[in-house]
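Dear colleague,

I am handing over the structure below, and I would be glad if you could look through it before reading my notes.

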Amino acid sequence: MTKAIFPGTFDPITKGHLDIVERGSEIFEHVYVAVYESTEKETLFDMNERVEMFNLSTQHLKNISVSSYKGLTVDFAKKVEAKVMIRGLRIGQDFEYERGMALVNREINNNIETVCLISAMPNQFISSSRVKEIAGLGGEVNSFIPEKIYQQAKNKLKGEK
Ligand code: COA
């Protein structure tokens, strides 16, 4: 059976990410969730919080593990001996972006295949930035983020200390 990684910044995890990792965990022997220590994106949640929120949201999944990484995603995949990189495809520009990333990743390491899962209908328009924007402007985000992290995330999302 094949092992996979599911990389991302997850700032924070959304129901869109949860849908993808749940479906990935049914296909692959083990899914290594790889939380990227982003240098390009300034994150609202620190690395420990992002890992913890992903863990909390996926306690019901037995064949996944969550850890942080730095550097190239294909190098992380190699380290954990995963042959597949799972990505979610939403409506619009995701396809072009994912195609470019998959081709570049294969140039760097042609042993790692990218497998894209089509995001479920309700998650087609969700992104972590949108969640942060809505919450920061006082909107309700409980339909966009996993229930298990809602209490923990909501104060920070609303800009409260
Ligand atoms: N449902 C809901 N939202 C989704 C989603 C899904 N299925 N898939 C992606 N998103 C959201 C993400 O939350 C993110 O939102 P944000 O931009 O508002 O934060 C946005 O869509 C883009 O997602 P993604 O492309 O996964 O970006 P990311 O920052 O989460 O992760 C990495 C990108 C880390 C995987 C990529 O930059 C990487 O591999 N970096 C490491 C360095 C490297 O190897 N570079 C070479 C790559 S070619």
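**The ligand and its pocket**

The ligand sits in the largest pocket of what is, please bear in mind, a predicted model. About 940 Å³ of space lies in that largest pocket, and of the 36 residues that line it, Gly8, Thr9, Lys41, Arg87 and Tyr97 are the closest to its centre.

If you turn to the ligand itself, you will find 25 residues around it, of which Thr9, Lys41, Thr73, Arg87 and Ser129 come nearest. A polar side-chain atom of Thr9 is placed 2.6 Å from an oxygen atom of the ligand, and an N or O atom in the side chain of Ser128 is 2.8 Å from a ligand oxygen atom.

**Which elements contribute**

The shell around the ligand draws at least two residues from each of β1 (3-8), α1 (15-27), β4 (84-89), α4 (94-108) and α5 (128-136), with the largest share, four residues, coming from α4. The lining of the largest pocket likewise receives at least two residues from each of β1, α1, β4, α4 and α5, and there α4 gives the most, with five residues.

As for composition, the shell around the ligand divides into nine nonpolar, 13 polar and three charged residues, whereas the lining of the largest pocket divides into 11 nonpolar, 16 polar and nine charged.

**Backbone points to check**

Two features of the backbone deserve a careful look if you intend to prepare the model for further calculation. Most residues other than glycine have a negative phi, and most peptide bonds are trans. Phe10, however, which lies in the loop between β1 and α1, has a phi near 55°, a positive value in a residue other than glycine. The peptide bond from Asp11 to Pro12 is cis, with omega near 0°, and Pro12 too has its place in the loop between β1 and α1.

With best regards

Terms used. Residues are numbered from 1 along each chain as its sequence is written. This is a predicted model: local features need pLDDT of at least 70, side-chain atom pairs count only at pLDDT 80 or more; totals for chains, interfaces and linings use all residues. Side-chain values use heavy atoms; hydrogens and water are left out. A residue is near a molecule or strand if one of its heavy atoms lies within 4 Å of it. A polar contact is a pair of N or O atoms within 3.5 Å; within protein, one must be able to donate a hydrogen and the other to accept it, and residues adjacent in sequence count only if both atoms are side-chain atoms. On a 1 Å grid over the protein atoms alone, a cavity is a set of points where a 1.4 Å probe fits but cannot get out, and a pocket is an open set with protein on both sides within 12 Å along at least five of seven lines; lining residues have an atom within 4 Å of a point. A molecule sits in a cavity or pocket if more than half of its atoms lie within 2 Å of its grid points. Ala, Val, Leu, Ile, Met, Phe, Trp, Tyr, Cys and Pro count as nonpolar, Asp, Glu, Lys and Arg as charged, and the others, Gly among them, as polar. Grid points are joined across faces, edges and corners, and a volume is the space filled by probe spheres set on the points.
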